[in-house]
Amino acid sequence: MTKAKPFRLLLVEDHDTDAALFAELLAEISPTTELHHVHNGQQALDFLLHADEYAERLRPQLIVLDLNMPVMNGHEFLKQAKAHAALRWIPVIMLSSSERPEDIRQAYDHHASSYIVKPVEYSDYRALIQSIEGYWRGTVQVPTIEQVKP
């Protein structure tokens, strides 16, 4: 049996209940994934740029981003993060309750890797986490942990 490769994921989500559910399901589905959670786009930028309390954190290989958050929303975060050469390569999944066409278009305009509407049912949410984990850890190639060190 081969050992699962380490994988880092940053969840940017302002609702603690949504974040806790995501973390619970991810831990169940992919126990070797190292999950970090911040509450808004500004904290995510600080995390990625190693500001203040995040100075020792390693960059994630994938970001799951909520859209509607205080301080800095998902669109503004994408716009700023994708302007940084050191962050541009990190795939970002926009995970939002919004189905508005303008939100979807704007996410892709700012270089989101994908846009997913949050499922309502627990079983659908679990299937979504399993799909994300399978695709981003098993199907596509993302930079390794060694390649993403600052």
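Student: How is the relative accessible area of Tyr135 to be read?

Tutor: Note that this is a predicted model. Under 20% a residue is called buried, over 50% exposed, and in between partly exposed. Tyr135 has a relative accessible area of 40%, so Tyr135 is partly exposed.

Student: And Trp136, buried or exposed?

Tutor: Trp136 has a relative accessible area of 12%, so Trp136 is buried.

Student: How many aromatic pairs does the structure hold?

Tutor: The structure holds one aromatic pair. The ring centres of Tyr135 and Trp136 are 5.1 Å apart and their planes stand at 90°, so the pair is edge-to-face. The cut-off behind that word is an angle over 60 degrees.

Student: Where is Glu133 found?

Tutor: Glu133 is found in helix α5, which spans residues 122-139.

Student: Which side chain of opposite charge is nearest to Glu133, and how far away is it?

Tutor: The nearest one is Arg137, 4.0 Å away. Glu133 is buried and has no salt bridge. Neighbours within four places in sequence aside, Glu133 is in contact with Ile29, Ser30 and Gly138.

Student: Let us turn to the whole chain. How many helices and strands does the protein chain have?

Tutor: The secondary structure comes to five helices and five strands. Along the sequence the pattern is β-α-β-α-β-α-β-α-β-α. The radius of gyration can then be set beside a rule for globular chains. For the protein chain the radius is 15 Å, close to the 15 Å that the globule rule gives for 150 residues, so the chain is as compact as a globular protein of that length.

Student: What box do the C-alpha atoms fill?

Tutor: Taken along the principal axes, the box is roughly 45 × 40 × 25 Å.

Student: What share of the residues is buried, and what share of the accessible surface belongs to carbon and sulfur atoms?

Tutor: Buried residues make up 44% of the 150 residues in the protein chain. The accessible surface is about 8000 Å², and 51% of that surface belongs to carbon and sulfur atoms.

Student: How should I read contacts by their separation in sequence? What share of them joins residues 24 or more positions apart?

Tutor: Take the contacts in the protein chain with a separation of 6 or more; residues 24 or more positions apart account for 68% of these.

Student: Can we take one residue as an example? Where does Leu11 lie, and which residues is Leu11 in contact with?

Tutor: Leu11 lies in strand β1, residues 7-12. At 3% relative accessibility, Leu11 counts as buried. Leaving aside neighbours within four places in sequence, the contacts of Leu11 are Ala19, Phe22, Leu35, His36, His37, Val38 and Val64. Leu11 and Ser98 are 87 residues apart in sequence, and their C-alpha atoms are 17 Å apart.

Student: What are the two distances for Ala27 and Ile90?

Tutor: Ala27 and Ile90 are 63 residues apart in sequence and 21 Å apart in space, C-alpha to C-alpha. Ala27 lies in helix α1, residues 16-29, and at 47% relative accessibility counts as partly exposed.

Student: Now the charged side chains. How many salt bridges does a search of the whole structure find?

Tutor: The search finds seven. The test is a side-chain nitrogen of Lys or Arg within 4 Å of a carboxyl oxygen of Asp or Glu. One of the bridges joins Asp18 and Lys118, at 3.2 Å from N to O. Asp18 lies in helix α1 and Lys118 in the loop between β5 (114-117) and α5, so the pair ties together parts that are 100 residues apart in sequence. Asp18 is partly exposed at 26%, while Lys118 is buried at 15%.

Student: Which residue does Glu28 form a salt bridge with?

Tutor: Glu28 is paired with Arg126, and their closest N and O atoms are 2.5 Å apart. Glu28 lies in helix α1 and Arg126 in helix α5, so this bridge ties together parts that are 98 residues apart in sequence. Both partners are partly exposed: Glu28 has a relative accessible area of 44% and Arg126 one of 25%.

Student: What is the N to O distance between Arg100 and Glu102?

Tutor: The distance is 3.1 Å, and the two side chains meet in a salt bridge. Arg100 is partly exposed at 45%, and Glu102 is partly exposed at 37%.

Key
Residues are numbered from 1 along each chain as its sequence is written. This is a predicted model: local features need pLDDT of at least 70, side-chain atom pairs count only at pLDDT 80 or more; totals for chains, interfaces and linings use all residues. Side-chain values use heavy atoms; hydrogens and water are left out. Rings of Phe, Tyr and Trp (its six-membered ring) pair if their centres lie within 6.5 Å; planes under 30 degrees apart count as stacked, over 60 as edge-to-face and the rest as tilted. Buried means under 20% relative accessible area, exposed over 50%, partly exposed in between (1.4 Å probe, protein chains only). Helices (H or I, at least four residues) and strands (E, at least two) are DSSP runs, numbered from the N terminus. Lys and Arg count as positive and Asp and Glu as negative; His and the chain ends are not counted. Contact means heavy atoms within 4.5 Å. The radius of gyration is taken over C-alpha atoms; the globule rule is 2.2 Å times the number of residues to the power 0.38. Accessible areas come from the Shrake-Rupley method with a 1.4 Å probe; for residues, only the protein chains shown count as cover.
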